[in-house]
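Hi,

Here is the model I promised to pass on. Could you have a look at it alongside my notes?

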Amino acid sequence: MKRTDQYWDASVEALSRSQLDQLQLRKLKQVLDRVQSSVLYGPRLKEAGLSSAGLSAIEDIRRIPFTTKADLRSQYPFGLVCVPKDRLVRLHVSSGTTGQATAVLYTRGDVDRWADLLARCMYMTGARPGHTFQNLTGYGMFTGGLGFHYGSERLGLLTIPSGAGNSKRQIQLMRDFGTNILHIIPSYALRLMDVLGEMGMDPKHDLELKIAYLGAEPYSEEVRRRVEDFYGIKVYNSYGLSEMNGPGVAFECPFQSGMHIWEDAYLVEIVDPETLEPVEDGTFGELVLTTLDREAMPILRYRTRDVTRILPGDCPCGRVHRRLDRIRGRSDDMFIIKGVNIFPIQVEHVLMNIPEVGNNYVIVLRRENDIDEMLVRVEVTQELFVEDMRHLHRVRKEIVRNLKNELLVTPAVELVEPNSLPKSEGKAVRLLDQRTPRKGG
Ligand code: ADP
Ligand code: ZN
């Protein structure tokens, strides 16, 4: 551990590439030893003839199969644990966005190293003791709550565990305690903008915010800009998933150009989702991760389903930990309409570039007379809503045109009042697929 002005822990953040490679190889060997007793991995290693002694390069890991969500489910609840039960101190489950939940268990050391990773992330963006940090994400089973909480206390920030929801109270806390740093889900950051507006507050003058960490769901560069401009802050992208501890897997540095994935703790691969072969840096594919530090529940080659790419080139901050591009979404978020593959985030990118568009939207897929249709329901700003019909009509046409140019599909667009679309407490639901299976197949 080596603290400097720039680095929370220079002994891992300031390594050269070859040092980092060596560290990974050493840790991967330990992982292979640790999973010998695993009911899932023991037999898989044997079959591949892979052991720590025989591991000569990181790439050898490709000899063992991927781990899927189905594997994790089949081992629920304790199947993947590699330590005696009396060493377990924490359980989280994934929020179950895509079906049955999976369990993740931690030893004291795991919880400790995870806290340290989050402290590292926050320190990197300028968080320092003396700052007040407000954590506006759900606590409990969702890893965003306790994960950031422990990291923030580790770093020495005054930590407000305000949890999700109750917007007026959130804002009151921000004001009373001079909150400087937020952790918040993007859709909630947008919603709070409306609440602040209703309260007649301008965060730039009435609050002391400096930084926000936005993550847990996909969002566009346009949303980042909106949030930065409205609150007068810097927004940093934060990525993680329960299966890999939770947040703290990858995080943006002050250059805001991709998220450094902490390669001393995670081994990263990007594969073509069809062929499952590795793709070149710069090419989009599915993110595959291996834990290098976890004791209780090591996971090898986990298919995250998240679609992203490695950004080629060096980061000006000097860290050699490679950078992930913004996550486009999960491969299962992608929908197909009229033969075109679309991620909801592409729709958001178009909408949020139009100033009259408000802070919430939803995409509805319907089937009428056997024809698929895409309807985008968009909240508009209060100002536009009180304008005359002609202006509304013009904006609607502009949205249709821009969406068509981006997606090559012409959607129906419906403009609705601010604050009228359904809100969710946790991750936003951006897509409602109401298509029923076609008759006869
Ligand atoms: P669940 O899988 O049930 O949603 P998690 O809380 O573990 O539960 O969610 C992790 C997932 O959230 C990631 O796999 C990814 O799809 C999404 N996610 C997390 N952070 C980001 C981010 N910064 N950008 C886009 N998506 C993200
Ligand atoms: Zn950097």
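Below are my notes on a helix, the cores, the cavities and a pocket.

Some ground rules come before the findings. This is a predicted model, so local features need pLDDT of at least 70 and side-chain atom pairs count only at pLDDT 80 or more, while totals for chains, interfaces and linings use all residues; side-chain values use heavy atoms, with hydrogens and water left out. Residues are numbered from 1 along each chain as its sequence is written, and chains are lettered from A and ligands numbered from 1 in the order in which they are written.

Let me start with helix H3, residues 41–48 (helices, H or I of at least four residues, and strands, E of at least two, are DSSP runs numbered from the N terminus). Its buried residues are Tyr-41, Gly-42, Arg-44 and Leu-45 (buried is under 20% relative accessible area, exposed over 50%, partly exposed in between, with a 1.4 Å probe and protein chains only). These residues lie on the same side of H3 because they cover an arc of only 170° around the axis, taken from the directions from the helix axis to the C-beta atoms. Lys-46 and Glu-47, on the other side of H3, are exposed. Helix H2 (17–34) and helix H4 (69–74) are among what covers the buried residues. After H3 comes Gly-49, with a positive phi near 65°.

Next, the cores. A nonpolar core is a set of buried Ala, Val, Leu, Ile, Met, Phe, Trp, Tyr and Cys residues joined through side-chain atoms within 4.5 Å. The largest has 68 residues, of which Met-122, Tyr-213, Tyr-239, Leu-289 and Leu-324 touch the most other members. Helix H5 (residues 108–124) gives the most to this core, with 9 residues. A second, separate core of 50 residues includes Phe-335, Val-350, Val-378 and Val-409.

Grid points are joined across faces, edges and corners, and a volume is the space filled by probe spheres set on the points.

There are 2 cavities of 30 Å³ or more. The largest cavity holds about 70 Å³, and H5 gives the most to its lining, with 4 residues. That lining includes Asp-110, Arg-113, Asp-293 and Arg-294. The second largest cavity, of about 60 Å³, has Leu-72, Tyr-76, Phe-78 and Met-297 among its lining residues.

Finally, the second largest pocket has about 450 Å³ of space. Of its 20 lining residues, Asp-194, Asn-359, Thr-381, Gln-382 and Glu-383 are the closest to its centre. Helix H8 (186–198) is one of the elements that give two or more residues to this lining, and H8 gives the most, with 4.

Asn-359 sits in strand E18 (residues 357–368) and counts as buried because its relative accessibility is 11%. Leaving aside neighbours within four places in sequence, Asn-359 is in contact (heavy atoms within 4.5 Å) with Leu-190, Met-193, Asp-194, Arg-226 and Met-352.

Enjoy exploring the model!

Best wishes

Technical notes:
1 Å grid on protein atoms, 1.4 Å probe; cavity = no way out; pocket = protein on both sides within 12 Å on 5 of 7 lines; lining within 4 Å.
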